[in-house]
Amino acid sequence: MAGGVWGLARGAPVGALTLTALAEGIRASRGQPWGAPAPGPQPQPEPEPAAGEPGRAATAPTAGGEPLSPPPPQEPALGVPQQTPWSSWEEGALADLAVYTAACLEEAGFVGTQATALTLSSALEARGHRLEDQVHGLVRGLLAQVPHLAEGRPRRAALRVLSALALEHSRDVVSALLRCSPAPNRAATELWRSLSQNQRVNGQVLVQLLWALKGSAGSQLEALAATRALGEMLAVSGCVGATRGFYPHLLLVLVTQLHKLAWDAHPPDTPKVWAPSHRGPPHSHASCTVEALKALLTGDGGRMVVTCMEQAGGWRRLVGARTHLEGVLLLASALVAHADHHLRGLFADLLPRLRSTDDAQRLTAMAFFTGLLQSRPTARLLREEVILERLRTWQGDPEPTVRWLGLLGLGHLALNCGKVRHATTLLPALLGALGEGDPRLVDAALGALQRVLLRQRAPVRLLSVELRPRLPPLLDDARDSVRASAVGLLGTLVRRGRGGLRVGLRRPLRKLVLQSLVPLLLRLHDPSPDTAESAEWTLACCDQALPWGLLEEVGTEAHYHSPEALSRVCHRLVQWYPSHVPSFLSQTQGYLRSPQSPLRLAATLLTGFLVHHSSPSHANQDLLESLFQDLGRLQSDPEPAVAAAARVSGQQVALLARVQPQPCGWRLPRPGRPSCLPARPPPVYADSPFQHCSLPGRWGCSGPG
């Protein structure tokens with residue numbers, strides 16, 4: 001371009017009209033009154049002297065300060081489409097005015113800015129499509145001059161120039177603004193917001209920003225600028241309405257962008273999470289994306305979605321590399337609950353993404369697909385068989401994350417009405433996942449099985465048979481979440497089958513309960529609060545289904561670790577299930593070797609009380625000897641309470657062994673004749689040091705006395 005960045009294309013005509021005459025012609029052609037005609041060209045405020053020669057108001061200065069002489073009026077403008085019969089001098093005047101305005105905006109300060117900007121905005125509204133070459137220059141000039149303009153008409157006139165340009169050249173305007181303001185810029189923020197407030201152009205600008213964000217895979221700075229601009233525009237009240245037609249697409253693009261940022265090995269800026277004590281997030285790419293997402297949801301009436309995400313920690317999960325998909329699931333759940341008017345569009349837009357070769361896009365779409373299955377109307381958009389087949393296909397994927405999402409989807413699918421006929425297809429996949437090594441998969445499978453049991457006509461008998469070999473090992477799993485979920489699943493199963501248990505039916509379920517009874521009693525003392533609470537609830541369900549009458553004792557033992565309550569529980573169990581006493585003692589013996597002190601202590605007490613309430617016919621010699629040896633080792637336990645309890649329980653084992661026939665090699669002291677033995681005294685244990693804090697201690701004040 002000749003004359004620098006502000007110059008015109010070679011050969012383009014330049015008019016000789018003054019700004020006032022040009023504005024008069026524009027308004028007259030549009031039927032607007034202007035006032036009394038002037039006898040000649042009226043002088044207009046000039047830019048600084050360096051901008052042009054005195055006496056030639058219509059000659060536009062270039063960047064180098066050289067005036068442009070008007071070319072012959074008969075030459076058409078190069079590259080300008082002749083859409084309307086404007087004369088060449090009008091075209092030249094408009095081009096000349098654009099150059100003059102650009103120079104005035106960037107160099108001339110307040111002098112002439114209002115007049116030139118107002119006149120150019122009027123011209124652009126009539127012939128905006130003829131200024132392709134000047135768009136970038138005008139945007140740069142606006143960025144430089146707007147901060148110095150006074151509030152009111154001068155600033156509004158300058159912003160009208162930008163809106164008029166964007167009406168016909170939205171792509172060029174967006175590109176220029178993004179290039180000129182890669183860093184946070186107050187002037188750029190004002191320009192973006194002015195575009196957002198103009199309902200004639202805000203939709204076009206948002207679309208261009210969306211495409212800029214999608215097409216900036218290799219440029220983090222450009223993506224950051226586009227994201228920041230989206231956030232500024234969407235924060236303006238009423239602008240989100242301009243996203244009608246591409247709202248779901250924009251939402252998915254922003255969430256996918258967070259996934260890419262979370263997994264970026266070398267992010268251009270900063271931390272992926274921020275402390276809750278901060279007034280706001282840091283100025284990072286991830287935080288700008290979150291703010292844009294919040295503005296999009298809030299502007300569309302989804303304030304409850306934003307609130308739910310904040311309360312559940314969803315925003316922090318979205319920006320974390322390991323927790324992003326959990327954040328997507330939380331977002332999908334919040335949308336299902338509080339913004340279901342976009343679910344159909346989201347569902348339709350994410351289906352093609354499920355087969356994307358881009359991992360971030362595919363996994364984000366999978367997580368959204370899984371979460372939206374919670375909405376029954378949305379799930380009905382596809383045939384049940386199609387959804388089920390897709391989820392089963394995910395189960396065969398080598399990536400554990402994909403299998404995890406598939407299991408969560410099966411759980412949501414199980415809650416929908418009309419899926420009973422698919423139980424035979426759902427259960428094998430869910431039961432098979434219980435043997436997975438990834439705790440996420442096991443938790444998802446256990447949660448899905450609980451949802452299956454919550455349906456009407458749940459397959460209680462089938463699950464009782466299938467879970468009997470699979471569930472007891474999970475009650476002792478090393479992972480806290482798996483233990484708590486497994487204990488809760490057993491409680492749900494007992495609750496659904498309690499009617500049959502009361503009348504003597506449900507033999508598989510009855511066997512499963514008796515097989516799990518000792519682990520449940522000991523898990524009342526689990527270091528994990530979730531597991532302990534789940535064990536208490538499950539034992540309460542068992543007490544209702546198999547009326548033991550031990551609900552009070554179970555609660556007392558759970559909250560106060562009372563030896564008296566545990567003694568009454570053991571006495572009732574020995575009375576009701578004498579044939580299971582050896583099994584109870586064998587299971588308890590395994591916990592004597594637990595690395596956790598509370599479980600070792602609880603197992604020691606349970607052993608002592610079971611032995612005390614048992615008769616000689618309930619235990620064989622080998623079992624008693626093995627118990628005596630393990631309790632002897634515990635007498636040197638580093639925890640004093642465990643060592644003291646082991647001595648008391650060891651005495652109970654010795655007392656019971658005295659009435660047994662003594663084989664060779666039996667190491668217990670040989671008593672006299674059994675018929676001469678006195679009655680066995682009950683064991684006496686000290687209070688547990690591991691019991692839960694009392695209410696006074698919990699509230700930080702001393703108890704009475």
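Modeller: A residue counts as buried under 20% relative accessible area, exposed over 50%, and partly exposed in between (1.4 Å probe, protein chains only). This is a predicted model, in which local features need pLDDT of at least 70 and side-chain atom pairs count only at pLDDT 80 or more, while totals for chains, interfaces and linings use all residues. Residues are numbered from 1 along each chain as its sequence is written, and side-chain values use heavy atoms, with hydrogens and water left out.

Colleague: Which residues of helix H14 are buried?

Modeller: H14 spans residues 343-350, and its buried residues are Leu 343, Leu 346, Phe 347 and Leu 350. Helices here are DSSP runs (H or I, at least four residues), numbered from the N terminus.

Colleague: Why are they on the same side of H14?

Modeller: Because they cover an arc of only 100° around the axis, taken from the directions from the helix axis to the C-beta atoms.

Colleague: What does the face turned away from that side carry?

Modeller: Arg 344 and Ala 348, both exposed, lie on that face of H14.

Colleague: And what covers the buried residues of H14?

Modeller: The cover includes four helices: H9 (247-263), H13 (324-338), H15 (359-372) and H16 (376-379). Contact means heavy atoms within 4.5 Å.

Colleague: At what angle do H13 and H15 pack?

Modeller: The angle is about 40°, and the axes of H13 and H15 are 8 Å apart. Axes are lines fitted to C-alpha atoms, for helices over the stretch in contact, with angles from 0 to 180 degrees between N-to-C directions.

Colleague: Which residues make that contact?

Modeller: H13 contributes His 324, Leu 325, Val 328, Leu 329, Leu 331, Ala 332, Leu 335 and Val 336. From H15 come Leu 363, Thr 364, Ala 367, Phe 368, Thr 370, Gly 371 and Leu 372.

Colleague: Turning to His 412, is this residue buried or exposed?

Modeller: His 412 counts as buried, because its relative accessibility is 10%. Its place is in helix H18, residues 400-415.

Colleague: What does His 412 touch?

Modeller: Leaving aside residues up to four places away in sequence, His 412 touches Thr 370, Gly 371, Leu 373, Gln 374 and Arg 451.

Colleague: A last topic: how many disulfides does the structure hold?

Modeller: The structure holds 0 disulfides, a disulfide being a pair of cysteine sulfur atoms within 2.5 Å. For Cys 542, the nearest cysteine sulfur belongs to Cys 541, 6.9 Å away.

Colleague: Is Cys 542 buried or exposed? And Cys 288?

Modeller: Cys 542 has a relative accessible area of 1% and is therefore buried. Cys 288 also counts as buried, at 13% relative accessibility.

Notes:
Helix = DSSP H or I, 4+ residues; strand = E, 2+ residues; numbered from the N terminus.
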